[in-house]
Amino acid sequence: QQSPITGKMEKYYSPSKRNFKRAISVVLSLFLLAGACGVMIISMNLQGYISRADAEVWGENNHPLYFPFFSQFAEEGGLFDANSTWKCLPIILLRAIIVANMNQKYSELAVILAEWENHETQRGHRNSIILKRVLFEAFDAY
């Protein structure tokens, strides 16, 4: 397209194409964030934060995030007994390793997505990466 300032031909990238790519990036990021939330929910069951004891509060309906298969490991005498000082440590360490790994992989993906989105400026490119990482890591950490 012709530059309105210099009158010379310049490269042009359609804003609608850029916005479409941004939308795809958002959907992909939300999908990966849902996976991170799944890891967190399983971890909370394995650590005993969500357990059969919640039945008193929820009545006949189980807690919506309660998964008996995972929760059984946190029960007294279980593999990751939540009341034991030492038995609960492996699952805590495993979750920390998984979260660190997911953050590192998503950090790499954020750069790839920002490149693919074809931002007009370096500042826009950097801001895209920062926004993606902050949102992902903030939600992933809890």
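Predicted model: local features only at pLDDT ≥ 70, side-chain atom pairs only at ≥ 80, totals over all residues.

First, the helices. Two packed helices are described by the angle between their axes and the distance between the axes. Here, helix H1 covers residues 15–46 and helix H4 covers residues 89–117. Their axes are 11 Å apart, and the angle is about 180°. Angles over 145 degrees count as roughly antiparallel, so H1 is roughly antiparallel to H4. What kinds of residue make up the contact of H1 with H4? There are 14 nonpolar residues in the contact, along with three polar and five charged ones.

Rolling a probe the size of a water molecule over the atoms shows where empty space is left. The largest pocket holds about 280 Å³ of space. It is lined by 14 residues, and those closest to its centre are Val26, Ser29, Tyr106, Lys132 and Leu135. Which elements give two or more residues to this lining? They are H1, H4 and helix H5, which runs over 122–140. Sorted by class, the lining has eight nonpolar residues, three polar and three charged.

The second largest pocket has about 170 Å³ of space. Its lining consists of Lys11, Tyr12, Tyr13, Pro15, Arg18, Asn118 and Glu120. By class, that gives three nonpolar, one polar and three charged residues.

Let me stay with Asn118 for a moment. This residue sits in the loop between H4 and H5. Is Asn118 buried, exposed or partly exposed? Its relative accessibility is 31%, so Asn118 counts as partly exposed.

Now the charged pairs. Side chains of opposite charge can pair when their charged atoms come close. The structure holds four salt bridges, and I will discuss some of them.

One is between Glu120 and Arg18, two residues from the lining of the second largest pocket, with their closest N and O atoms 4.0 Å apart. Glu120 is in the loop between H4 and H5 and Arg18 is in helix H1, so this pair ties together parts that are 102 residues apart in sequence. As for accessibility, Glu120 is exposed, at a relative accessible area of 70%. Arg18 has 7% relative accessibility and therefore counts as buried.

Another salt bridge joins the side chains of Glu117 and Lys132, at 2.8 Å from N to O. Why does this pair tie together separate parts of the chain? Because Glu117 lies in helix H4 and Lys132 in helix H5, the pair ties together parts that are 15 residues apart in sequence. Glu117 is buried, at 2% relative accessibility. Lys132 is buried as well, at 11%.

Arg133 is partly exposed, with a relative accessible area of 33%. Glu137, at 27% relative accessibility, is partly exposed too.

That is the end of my part. Thank you.

Definitions and conventions. Residues numbered from 1 in each chain as written. Heavy atoms only, no water. Axes fitted to C-alpha atoms, helices over the stretch in contact; angles between N-to-C directions. Helix = DSSP H or I, 4+ residues; strand = E, 2+ residues; numbered from the N terminus. Parallel < 35°, antiparallel > 145°, perpendicular 65-115°, else oblique. Nonpolar A, V, L, I, M, F, W, Y, C, P; charged D, E, K, R; others polar. 1 Å grid on protein atoms, 1.4 Å probe; cavity = no way out; pocket = protein on both sides within 12 Å on 5 of 7 lines; lining within 4 Å. Points joined across faces, edges and corners; volume = space filled by probe spheres on them. Buried < 20%, exposed > 50% of the residue type's maximum accessible area, 1.4 Å probe, protein only.
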